[in-house]
Amino acid sequence: MIPAAFDYHAPESLSDALALLDQHGEDAKVLAGGMSLLPMLKIRLAQVGHLVDIGRIPGLEYAKEEGGFLKIGAATKEAALERSDLIRSKYPILLDTAAVIADPLVRNRATVGGNLAHGDPANDHPATMLALGASVVVRGPKGERAIPVDQFFRGLFTTALASNEILTEIRIPVPPARSGGAYLKLERKVGDFATAGAAAQVTLGAGGAIEKAGIGLTNAGPTPIKAVEAEKFLAGKRPDDQTLQEAGRLAARAASPSPDRRGAADYKREMARVLTVRALKAAIRRAGGPS
Amino acid sequence: MAMHKITVTVNGTAHSAEVESRFLLVHFIREVLGLTGTHIGCDTTHCGACTVLLDGEPVKSCTVLAVQAHGRRVMTVEGLERDGKLDPIQEGFMQEHGLQCGFCTPGMMMTGHALLRRTKNPSEAEIRQAISGNLCRCTGYVNIVKAVQYAAAKQQ
Ligand SMILES: Cc1cc2nc3c(=O)[nH]c(=O)nc-3n(C[C@H](O)[C@H](O)[C@H](O)COP(=O)(O)OP(=O)(O)OC[C@H]3O[C@@H](n4cnc5c(N)ncnc54)[C@H](O)[C@@H]3O)c2cc1C
Ligand code: FES
Ligand code: FES
């Protein structure tokens with residue numbers, strides 16, 4: 001299937017890309033890895049007049065710690081994230097996530113920025129970024145702004161990005177000592193979107209109680225979900241089984257999944273509960289706490 | 001209709017053509033260059049029959065625009081054989097009976113070839129993980145894994 005006709009642009013700088021987006025307005029779309037956009041154009045789920053490929057703009061692929069943040073360039077490929085020593089050694093929650101996105105061939109093209117900008121609640125990075133308290137850096141004609149991810153997802157396939165803006169970087173606060181995170185996903189087969197998925201990031205206090213917890217859910221509603229009630233409940237509590245089970249119940253209450261071929265709504269909500277508890281346990285283990 | 005003049009180095013030879021924006025890399029390979037070893041299976045980014053190496057990395061060429069490959073290197077299954085000598089991965093598929101109908105085989109071999117460039121002696125788990133984006137409806141994968149292992153041993 002060849003997509004309907006469009007014009008393709010390959011700007012070599014961010015400012016050229018922004019100018020093209022500004023010029024063509026709603027009729028233009030950014031092309032990153034193309035692993036969501038091209039399939040949608042092929043099957044006519046999307047149509048577009050102009051594609052602005054950001055793949056030839058230098059300086060958008062990196063993962064580094066700087067000024068108290070882990071900074072990930074928007075065009076960083078999932079495969080690069082999987083191979084990054086920094087990610088492998090210090091951010092296993094991101095490795096958990098990248099490794100279950102699609103399949104290795106798709107991950108050679110798909111980008112982290114695209115995974116967020118697509119605004120698909122079935123994508124895996126949003127939940128992890130919600131748990132980690134990340135922000136996205138966005139460039140537009142009027143300059144740069146940072147948007148906390150918990151304000152980024154506005155609706156199904158809708159984000160806070162304007163049509164003339166480009167997501168350039170993801171910023172994650174470097175977690176303090178005694179922190180850990182994990183992402184767990186239930187999928188029917190390799191490459192499938194999540195039946196349910198849960199990301200958990202915790203920081204333990206000196207006494208072993210949970211100081212701070214972040215929880216994100218995948219495919220549990222029209223947008224990626226931050227399980228705020230569960231997060232609040234956990235703060236200051238000792239991570240015993242009863243507490244984690246209650247956090248799981250609260251997280252499941254925040255979910256409003258729709259039934260489809262992956263399962264009934266109740267089943268998905270129950271899986272969100274189970275995965276939240278398991279992700280919390282794994283996160284606590286990685287933070288150096290009791291398992 | 002936007003046309004682009006592109007030059008892509010395919011299996012070591014530079015090829016130029018004029019293509020529409022929406023023209024897919026797999027069609028450039030099959031229809032413009034006549035290299036029909038690269039197959040189209042699902043056409044929906046799932047099966048991996050269309051796998052080629054783009055700058056050395058295996059990708060699904062049904063989901064890459066031909067213009068995106070401009071100035072880049074592509075390797076297809078036809079590029080595996082060198083001077084009449086089969087690549088170890090091709091030998092492996094032959095020796096270990098790694099195919100039945102053969103439809104998935106070019107894609108499997110490209111993925112296997114790329115894996116062995118990066119990981120000289122992959123474990124069975126690493127092989128299965130690497131080929132998890134390439135679907136085979138015939139073999140049950142057992143002999144495909146053996147074929148990659150054969151090639152790994154051969155390259156030692
Ligand atoms: C077979 C298959 C299975 C998949 N399974 C999964 C899965 O299990 N989990 C998962 O999370 N994903 C999955 N995906 C989706 C894949 O990971 C996507 O590629 C990814 O979500 C989007 O990244 P991309 O770089 O390919 O973006 P593109 O497809 O290029 O773009 C997606 C959208 O984001 C916009 N965009 C991209 N980058 C930017 C930017 N920097 N600034 C502004 N807008 C931008 C585009 O305009 C477009 O609207 C799957 C895809 C396939 C084909
Ligand atoms: S034909 Fe490209 S993935 Fe199936
Ligand atoms: S040999 Fe027939 S699909 Fe793999």
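**Entry 1: terms and model.** I take two strands as paired if DSSP finds at least two bridges between them, and I take helices (H or I, at least four residues) and strands (E, at least two) as DSSP runs that are numbered from the N terminus. I am working with a predicted model, in which local features need pLDDT of at least 70, side-chain atom pairs count only at pLDDT 80 or more, and totals for chains, interfaces and linings use all residues, while side-chain values use heavy atoms, with hydrogens and water left out. Residues are numbered from 1 along each chain as its sequence is written, and chains are lettered from A and ligands numbered from 1 in the order in which they are written.

**Entry 2: the sheet 11-12-13-14.** I looked up an open sheet of chain A and found 4 strands in the order 11-12-13-14, with antiparallel pairing. Its edge strands are strand 11 (179–186) and strand 14 (225–226) of chain A, each of which pairs on one side only. Strand 11 of chain A is joined to strand 12 (residues 196–204) of chain A by 8 bridges in the antiparallel sense, and I noted that Ser179(A) has Thr203(A) in strand 12 as its bridge partner.

**Entry 3: the sheet 4-5-10-6-7.** I then found an open sheet of 5 strands in chain A, again with antiparallel pairing, in the order 4-5-10-6-7. Strand 4 (63–66) and strand 7 (143–148) of chain A stand at its edges with a single partner strand each, so one side of each has no neighbour in the sheet. On average, neighbouring strands here are turned by 25 degrees against each other, direction ignored (axes are lines fitted to C-alpha atoms, for helices over the stretch in contact, and angles run from 0 to 180 degrees between N-to-C directions). Within this part of chain A, strand 6 (residues 135–140) and strand 10 run antiparallel and are joined by 5 bridges, and Val137(A) has Glu169(A) of strand 10 as its bridge partner.

**Entry 4: a parallel pair.** Strand 2 (residues 28–31) and strand 3 (residues 50–53) of chain A pair in the parallel sense over 4 bridges, and Ala28(A) is bridged to His50(A). With helix 2 (residues 37–42) of chain A, these two strands make a right-handed β-α-β unit, the crossover being right-handed if, with the strands pointing away from the viewer, the path from the first strand over the helix to the second runs clockwise.

**Entry 5: ligand 1.** I counted a residue as near the ligand if one of its heavy atoms lies within 4 Å of it, and on that basis 32 residues surround ligand 1, with Val30(A), Gly34(A), Leu37(A), Thr111(A) and Asp124(A) the closest. These residues come from chains A and B, so the site is shared between chains. Strand 2, helix 7 (112–117) and strand 10 (166–173) of chain A each supply at least two residues of the shell. A backbone N or O atom of Ser36(A) lies 2.9 Å from an oxygen atom of ligand 1, and a backbone N or O atom of Leu167(A) lies 2.9 Å from a nitrogen atom of the ligand. The protein covers 96% of the 960 Å² of accessible area that ligand 1 has on its own (Shrake-Rupley method, 1.4 Å probe).

Conventions: Polar contact = N/O pair within 3.5 Å; in protein donor to acceptor, adjacent residues only side chain to side chain.
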